[in-house]
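Subject: Structure handover

Hello,

Here is the structure for you to look through. My notes follow below it.

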Amino acid sequence: MRIIITGTTGLAKAIAGALASDHSVKTTRIEDITMNDTTWWGFDQNDVLINHAHMDFDQTKILEIAYRAWKKDSGKLIVNISSRASQPNISKGYLYASQKASLNHLSNNLTYNSDKQCRISTINLGLLNHEDLPCLSYEDVAIIIKSIIEMPHDIEVPEITVQNSANYSEVQSDKETLKDIEWHG
């Protein structure tokens, strides 16, 4: 299977590393992507898009481009990396939350209201790779993505939220305390 991942961060590298032994994996910087150009992507040469890189509303645009290219191909899979922050009243990072909500909204519309044949999965991640708080590791996320990619083509996971099992309210309170400590140093 041929996989393309947008992004070159630690998470993108962990995902690529987890998949590289069984699949052909390529990563790309979001700055190198030409929006609206399906030929640049080489969609005919790839089977899976991991829509990871976040920059403004570009993930939503990338989803729309991939959908246009793959909507009639049941062998294709789009995996969107989103955030728990996409849910109402979860995040105080208002613009970030809106950008992720946009991605989730389009993903849900395409999944439930279109004639698509490709599979689309959106993974909403909780706190990731934090030094001091309970969180998901990059490797945790890579394992989840690998399991979605390797599912039979007649199974689709439209949306999943994954977070550390620690109490959400307590983690958020501790996160705010850490911010206050850093701010007032």
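Ile15 touches Ile5, Ile50, Ala142 and Ile145, leaving aside residues up to four places away in sequence; contact means heavy atoms within 4.5 Å. This is a predicted model, in which local features need pLDDT of at least 70 and side-chain atom pairs count only at pLDDT 80 or more, while totals for chains, interfaces and linings use all residues. Residues are numbered from 1 along each chain as its sequence is written, and side-chain values use heavy atoms, with hydrogens and water left out.

Ile15 is also one of the residues that touch the most other members of the largest nonpolar core, which has 22 residues. A nonpolar core is a set of buried Ala, Val, Leu, Ile, Met, Phe, Trp, Tyr and Cys residues joined through side-chain atoms within 4.5 Å. Buried means under 20% relative accessible area, exposed over 50%, and partly exposed in between (1.4 Å probe, protein chains only). Helix H5 (138-149) gives this core its largest share, six residues. Helices (H or I, at least four residues) and strands (E, at least two) are DSSP runs, numbered from the N terminus. Apart from this core lies another, of 16 residues, including Ile62 and Leu110.

Leu110 is also among the buried residues of H4, as are Ala97 and Leu103. The buried residues of H4 fall within an arc of 165 degrees seen down its axis, so they line one face of the helix; the arc is that of the directions from the helix axis to the C-beta atoms. The face turned away from them carries exposed residues, including Tyr94 and His105.

Regards
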